[in-house]
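Please read it beside the sequence and the model.

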Amino acid sequence: MSINDTNIVPRDKLAKFELTEESLNSFRKNQNIPLDLYNKDGQILIHKKRNPTEADFGKLLKFEMQGVYFLISELKKTKPNGSEKPYLEPGRTTKLFDIEKTARFAKQSQALIEDLRKTSFSSDQAVFVQNSVNELLTDFTSNPDFELGIFNILEILSVAGVSVESELMTKRTVVAMGMKVRTRKIVNEGKEESNKKDHLSLMMASYLMDVGYSRLEVKQTPKLTKEEYAVVQQHPIISYLMTLPAPEVESHVRTLILNHHRPYRGNGVNNNFPDPRSLFTKLMSVRDKYNKEVGKERITQDIELQLHLQENNVTTSSFEEDIAILSLASEYASLTSNQPWRPAFKSSTALKMILNDSFFSYSNKNIRHLLDYVGSSLTNNENIINFGDFVITASVDSEKRAHFDICLVLDVGRYQTRPKLQRICSINPIFQKGIKFKIADFDLKSIKIDRRKAIMDLALQAGTTRVIYTIDPELNPALHEAVYKLNLNI
C-alpha cells in the first residue's frame, strides 16, 4: 500500500506521533515499528513492520516537518482506574547531570583558569581537558533519557561556589554538547565513533574558546569604549595562540576557536570579530616569528592551515552549524550568570532575549537547534512560545524584501519555533546599529491590520517565514500592551 491509497483515515481518529531520535532508536533496538503510521491527510506512510530497514526510517523522516500520525484507538494508555490518559514521552523529568561530577568539573575548570593566568597552556592540561569533556559526554549519552531529560546545570552551578569564568565555561560546554548531540537526526549504524569525535571537537572548542580572557584586562561593564571593545575583540586570536603549544588540540578545534564570534555567513557587522583582515595580518606576523625558530614546524603548519582557510573562505554547513552552536551556548551561559553590572536572567527570559536578538545574527535553523532541541530542557519543560502568546514573524519575498507580521499563537506542537499562527497585522522594525545591527523595537505607527486574520501553520510550511521575536510583557511592556488592546478591538 502507498500514500496514494484511497482508503483515507479521518483526521479526528489520528493523533500526532512524536518522531524523535529516541523513538527511531527504540524501533531499531526492538527491530519493530509497532504502529501503522500516517501522514497529516490520513494516508498510510508505513504499516506495522518487523525488521524495518534504514530506507523505512528515511521515508518517515521525509515527513517529519509535515507530521507523522497514528490511530488513537491503536495506542491507549490506561490509568489504574481504567480511564484513558494521553501518550507522554518518557524521561521528560529526568535530571541529566550528576551534581557531584558536574560541580567537580566546574571546580577543576576554575583551577585551570587560575593556572592559565600564570603559565602557558600545556600538553598535560590539554589531556586533562580532553578527559574531562569525554567523561561529560559519556555520562550524558549513556543516560537513556538524554534526548528528553532536563538540563539541571543552572541548579547545580547555583550552589557550586565557583567563579563566573568557570560557570560560563561549564554552562557553555554543557549546552553546546546538548545541542550538538540532539541535532542528529539518525545515529547511523557503525557511525557512533565519528559522531563522538565531532561532539568532542565542539566541546573542546567550547571549553577553550574564551581562555584568552585570562590574559586580558577587561572592564566589568556592559558599556565599553571603542578602544576597550577592540581589546575584547582580540580574545579569539589569543585563545587560539594559547592552544598552539599543545599538539593534542586538533587544528579543527582551533579553527572553531578562531571563528566562534562569527555565527552567520558573510563578513557583515554581526560577524563582528575577529575582523578577517586583522586576523590574517596577526596570523602572518606570528607565522613569520615562528618560522625563525627551530622545532616550531608543527605550529607554523597549523597557522598556515588557518591562513589558507581564512584567505579562501573555506567553510561547510557543518562548520557553520558548529560556530552557531558555540555562539548560542555562549550567549545563554552569559545571560543566565550573575555579572558585576546585572543579576542573572531566568533561563526562559534568556532564551527569549536570544530569540529577540536573533534576526541579524542567526539563521532559522540555528534558533531551531537551540529552542526545539534543548530549549524546554533548559526551562524545566516549559516552552517560551505558547498558546495565546503574541510573536513577530519575518519572511522574505521573491525580491528579497523582508516583511514583519504580528501574530497570535493558536497552537504549539513538538517544535515551538513552528507554531500555528493567526496574523493580526504587519509592522515595521526599528533597526539600530551599535556594536552590531539589532532590532531595537517596533514602530507602532506603521501597523496595518490584516482584516482576514489569515492563519498559517509553520509546521506545515517550507517557506521563509520564521518567528524572530516574542512580545513579552516584561521585556517589552509597551509593545505587549498595545498589541493586546489591538487584538481585542479587531
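Ring pairs join Phe 359, Phe 360, Phe 404, Phe 431 and Phe 437 into a cluster. The model is predicted, so local features need pLDDT of at least 70 and side-chain atom pairs pLDDT 80 or more, while totals for chains, interfaces and linings use all residues. Residues are numbered from 1 along each chain as its sequence is written, and side-chain values use heavy atoms, without hydrogens and water.

**Aromatic pairs**
- Rings of Phe, Tyr and Trp (its six-membered ring) pair if their centres lie within 6.5 Å, with planes under 30 degrees apart counted as stacked, over 60 as edge-to-face and the rest as tilted.
- The count by this rule is 12 aromatic pairs.
- Phe 359 and Phe 404 have ring centres 5.3 Å apart and planes at 65 degrees, so this pair is edge-to-face.
- Phe 360 and Phe 437 form a tilted pair, because their planes are at 35 degrees, with centres 5.6 Å apart.

**Accessibility in the cluster**
- Buried means under 20% relative accessible area, exposed over 50%, and partly exposed in between (1.4 Å probe, protein chains only).
- Phe 359 is buried at 19%, and Phe 404 is buried at 6%.
- Phe 360 is partly exposed at 24%, as is Phe 437 at 33%.

**Charges over rings**
- A charge sits over a ring if NZ of Lys or CZ of Arg is within 6 Å of the ring centre and within 35 degrees of the ring normal.
- Arg 368 places its charged end over the ring of Tyr 415, 4.6 Å from the centre.
- Lys 289 lies over the face of Tyr 290, 5.6 Å from the ring centre.
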